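Dear colleague,

Please find the structure below, followed by a summary of what was found in it.

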Amino acid sequence: MNKRIILAASLFLSVQVAFAQETKKDNPKEKQIEEVTITKTKKAVEQKADRTIFDFSEQASLNSGSSLEGIKKLPGMVVTDIAGMMYQGKPLQVYMDGRPLYISTNDLTAFLEGMPASAIERVEVVTQPGAEFPATSGGAILNIITSKSAKNYLTATYSGGYRFSDYDKFRNRFNNSIVLNSRNKVFGWQFSAGQTYAEAFSSNQMDDLSRGFGDKYSRGYFAKAALTFDLGKDRLLLNYDYYKANNDAYNNSDGTSMIESPIGSGNNVVANYLNIGKSKTKSDRNEITATYQKRFDDKNQKLDIKANYSSFKSTFDQTGQNSFYTPTGTQIFGADMDNASDQNYYNLRVDYSQPIKLLDEGKISFGGLYEKTDFTTDFLGIKNLDYQRQTAATYAELNTKIKKFTFIAGLRAEDYDISGKSLNLRKNQWDDLTPFKKFELFPNASMQYDFAKSLYFNLNYNRKISLPSTGQLNPNNTTFQNPNVSISGNPNVQPTIYNNFEAKISAFDYAFISYNVSSVKDQVMMYVERDGYSISQTNVNIHSLTQHSFNVGLPVPFMIFSKPFSEIMKFNFNPDKINFLYLYAGYQFQDIKEITDKKGMWFFNVAGQFILPYNIKFAPNFSYSTKGNYYFFQSTQPIMNRVDLNFSKKFNKDRITVSLFANDIFNSSRMNFKTVNTATPIYLQNRWDSRNFGFSINYKIPTKNKLAKVDQNLLNQDTPKEDNGGLMNQK
């Protein structure tokens, strides 16, 4: 019975049903064009040899709130302030439409909170990046695809939503966005834009020294534009992306600190303090990309040349007042701060591939890349970091197949030149950063055996590197700071080297079981230490660690209990119209020599779909984790413990989708950790208004577009191995 359930579940949930109607052209001069309807059922989750694909466009449970909220609900995804984003135990390099974002953890969180999830088409987690991906992809890649399919004439889609929370007071959040697509005989264009507004709070505590509360008001705006020109078989694509954030936070904190009293006496005393202040964070991100795609008679032969430039500017201002209550009276000091950073990124990339006759079939790919990053920071108007990074790379990869075996072997060579200077304010002099000038080789290999159609066993190996983000390097504080808490980056952290091994069995896209082990050198990690009445937080390198991860995913459709197996095998059903549960479990263990108290963590996720009367779709989502180690930290409460509910229904011939949702209904989300690398544990606590309620609407605006011809995606993406549409795949 168990084997039957697993096989039927996997077979059933992998089906993609497509219906199309075509109209006959009786009179070419006729002005009236009959409407053509195409219905295509997308796969909610799709497993491939090197990646997992999550569809956002048709899943109201994922696209109702912000992008960050939707990503947090993905099975196997863990998002924390301690280590950023991880998928199945692997640190993630975040891409958008195939291009790395290269922004820090705090800025990335604000960026994803400021973009509605309705702007996402799908999310691809590339767990085994091949040689054609930059070696800097590290453990894995999270590629957020925001592009939509463009049609002839005009199509338009509006998305909006509203959420609220009610803790100490009522707080509102709303978002609006629109996507326009069009095409004519000369070129195609696409434009999307949107805005978000969010009121939220966060509270934190560091040991017995500091307690803080922040009232946040976040505003985000984005616009994405694309043009594509057909030049015979070739194409020229131009993309421009813009994002702006303007966030305010009103902060209160109190605690215990050491202060000189009276001033100038040299006598330090312990005093309670009260801190009241405001901070403002502004950021602007601009990116422009030009891509030329050369195509040949053989559609599998391709040449792509891409040039990219992006800039990211950020400012952080803090004003406030610190009141210290000493035995000799109250001492009041200002708490003003003015920090800024400026990042410029340049990239030129060439990729070529063609089929070759090797065994049953084969393909060879090779290419090169040059990129440069300039990063500077300012402290109170004084430049205090000048950082440069240059990378030159080339790669070759061979793909061949014989009978039921597929083999991939690749090698990537990258040359790094990383240098810079930082201003030592104490000595009033510039110090050279620890340079990183190395030539590194990054091999990758993969073997796949097909037991049957869509049932395979896969072995993978790759060597990767992760370069420190600018947020980890920034020596300035970019979050609100208390009198006894110091938070800053470390401009001398070194790149991280990964050796990744994976074995996976995947059945019919949805069901899988995998085991991963990574040998990691110089992992960059948050480091917290306490010295008397002061706590400091920065980033350091962990010399070496070994990370183990076990993951399993299994769909369970309820129809297996009511229909005979022979009927299920006919695939005469629509997966979007049936009831099922998707079960995920993952185990993560980090072996760090410096840590003696080592505990692994289990992660569980249950996502369901239930079709209620009147075609209302109910999608519950439950996430939970056990206590365990997270690098230098150990959770004292589950870092994942929430229940989300979503009800959605389509109206007006499926043009309108309305969703009602409730997130974290039991108000159980917390981030509570203690350090395990210090002689005495330091306790860190954080909570926020994770319980919220609201609705969202997605409206495909009727236009004069009656044609069904679908063009390639316009908004740029860079995933050469993906074969489900996109720029890299021609008709």
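Is Arg171 buried or exposed? Arg171 is buried, because its relative accessible area is 1%; buried stands for under 20% relative accessible area, exposed for over 50%, and partly exposed for what lies in between, with a 1.4 Å probe and protein chains only.

Two remarks on conventions come before the rest. This is a predicted model, in which local features need pLDDT of at least 70 and side-chain atom pairs count only at pLDDT 80 or more, while totals for chains, interfaces and linings use all residues. Residues are numbered from 1 along each chain as its sequence is written, and side-chain values use heavy atoms, with hydrogens and water left out.

Overall composition

The protein chain has six helices and 42 strands; these are DSSP runs numbered from the N terminus, helices being H or I with at least four residues and strands E with at least two. Of its 731 residues, 54% count as buried. Among contacts (heavy atoms within 4.5 Å) with a separation of 6 or more, 67% are between residues 24 or more positions apart. The protein chain exposes about 32100 Å², of which carbon and sulfur atoms supply 56%; accessible areas come from the Shrake-Rupley method with a 1.4 Å probe, and for residues only the protein chains shown count as cover.

Salt bridges

Side chains of opposite charge can pair when their charged atoms come close. The whole structure holds 26 salt bridges, each defined as a side-chain nitrogen of Lys or Arg within 4 Å of a carboxyl oxygen of Asp or Glu.

Arg171 forms one of them with Asp168, where the closest N and O atoms are 2.8 Å apart. Asp168 counts as exposed, with 52% relative accessibility. Both residues belong to a network of salt bridges that links Asp168, Lys169, Arg171 and Asp215.

A further salt bridge joins Arg530 to Asp207, with 2.9 Å between the closest N and O atoms. Arg530 lies in strand 29 (residues 511-531) and Asp207 in the loop between strand 14 (187-206) and strand 15 (210-231), so this pair ties together parts that are 323 residues apart in sequence. Arg530 is partly exposed at 34% relative accessible area, whereas Asp207 is buried at 14%.

Asp241 and Lys224 also form a salt bridge, their closest N and O atoms being 2.8 Å apart. Asp241 is in strand 16 (residues 234-260) and Lys224 in strand 15, so the parts tied together are 17 residues apart in sequence. Asp241 and Lys224 are both buried.

Nonpolar surface patch

At least two residues of the patch come from each of strand 29, strand 32 (601-612) and strand 34 (621-625). Phe550 is placed in strand 30 (residues 534-557) and is partly exposed, with a relative accessible area of 30%.

Surroundings of Gln494

Gln494 sits in the loop between strand 27 (485-487) and strand 28 (496-507) and is buried at 17% relative accessible area. Leaving aside residues up to four places away in sequence, Gln494 touches Thr434, Pro435, Phe436, Pro468, Asp522, Val524 and Asn541.

With kind regards
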